[in-house]
Amino acid sequence: MLELSGLHLGSMGLCCTSLLFLPVARGSVILRVVDIPFEQAARYHVWLGHLTMLIFTLHGLCYVVSWAIQGHLLQEVSPYDLQVSWHIHHKS
């Protein structure tokens, strides 16, 4: 359930990220077409950036908590297999 929530939050974050790339320059053609003043567009852009960061933070937390509950957090966040490294260094 948490991994599915994390997946959906990641998809939402990608949509927000794609909207952040819309130009918010003064005199932008896109802003003229949708009839949004520059000051309001800049405010939307900042809030969308904050929302994007919140969504990606929740996305990461969902996966980390899910992996911790399942008991394989270290394997997921480790760049290499910890069990192999443990057995190599601690042979009896």
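Figure 1. At 19% relative accessibility, Tyr 63 counts as buried, because the limit for a buried residue is under 20% relative accessible area. This and every other view is taken from a predicted model. Trp 67 is likewise classed as buried, with a relative accessibility of 17%. Both Tyr 63 and Trp 67 belong to helix α3, which covers residues 38–70. They are 4 residues apart, about one turn of the helix. A pair of aromatic rings is described by the distance of the centres and the angle of the planes. The count of aromatic pairs comes to 1. In that pair, the ring centres of Tyr 63 and Trp 67 are 5.6 Å apart and the planes meet at 45 degrees, so the pair is tilted. The reasoning rests on two limits, since planes under 30 degrees apart count as stacked and planes over 60 degrees apart as edge-to-face.

Figure 2. Thr 52 is found in helix α3. Its relative accessible area is 4%, so Thr 52 is buried. Which residues is Thr 52 in contact with, leaving aside its neighbours within four places in sequence? They are Gly 13, Cys 16, Thr 17 and Leu 20.

Figure 3. Ser 11 is part of helix α1, which runs over residues 2–20. With a relative accessibility of 39%, Ser 11 counts as partly exposed, because that class lies between the buried limit of 20% and the exposed limit of 50%. Ser 11 and Ile 55 stand 44 residues apart in sequence. In space, the distance between Ser 11 and Ile 55 is 9.5 Å, C-alpha to C-alpha. For the protein as a whole, residues 24 or more positions apart account for 62% of the contacts with a separation of 6 or more.

**Figure 4. The largest pocket and its lining.** Rolling a probe the size of a water molecule over the atoms shows where empty space is left. The volume of the largest pocket is about 230 Å³. It is lined by 13 residues, of which Leu 19, Leu 22, Val 24, Leu 31 and Ala 41 are the closest to its centre. Helices α1, α2 (29–34) and α3 each supply at least two residues of this lining. The largest share, 4 residues, comes from α3. By residue type, the lining divides into 12 nonpolar, 1 polar and no charged.

**Figure 5. Asp 35 in the loop between α2 and α3.** Asp 35 lies in the loop between α2 and α3. Although Asp 35 is not a glycine, it has a positive phi of about 55 degrees. Is Asp 35 buried or exposed? At 66% relative accessibility, Asp 35 counts as exposed.

Figure 6. In the predicted model, residues 6–25 are 75% helix and 0% strand, and the C-alpha atoms at the ends are 33 Å apart. Residues 46–69 are 100% helix and 0% strand, with end C-alpha atoms 35 Å apart. The protein has 5 helices and 0 strands in total, and along the sequence its pattern reads α-α-α-α-α. Of its 92 residues, 18% are buried.

Notes: Residues numbered from 1 in each chain as written. Predicted model: local features only at pLDDT ≥ 70, side-chain atom pairs only at ≥ 80, totals over all residues. Heavy atoms only, no water. Phe/Tyr/Trp six-rings, centres within 6.5 Å; stacked < 30°, edge-to-face > 60°. Buried < 20%, exposed > 50% of the residue type's maximum accessible area, 1.4 Å probe, protein only. Contact = heavy atoms within 4.5 Å. 1 Å grid on protein atoms, 1.4 Å probe; cavity = no way out; pocket = protein on both sides within 12 Å on 5 of 7 lines; lining within 4 Å. Points joined across faces, edges and corners; volume = space filled by probe spheres on them. Nonpolar A, V, L, I, M, F, W, Y, C, P; charged D, E, K, R; others polar.
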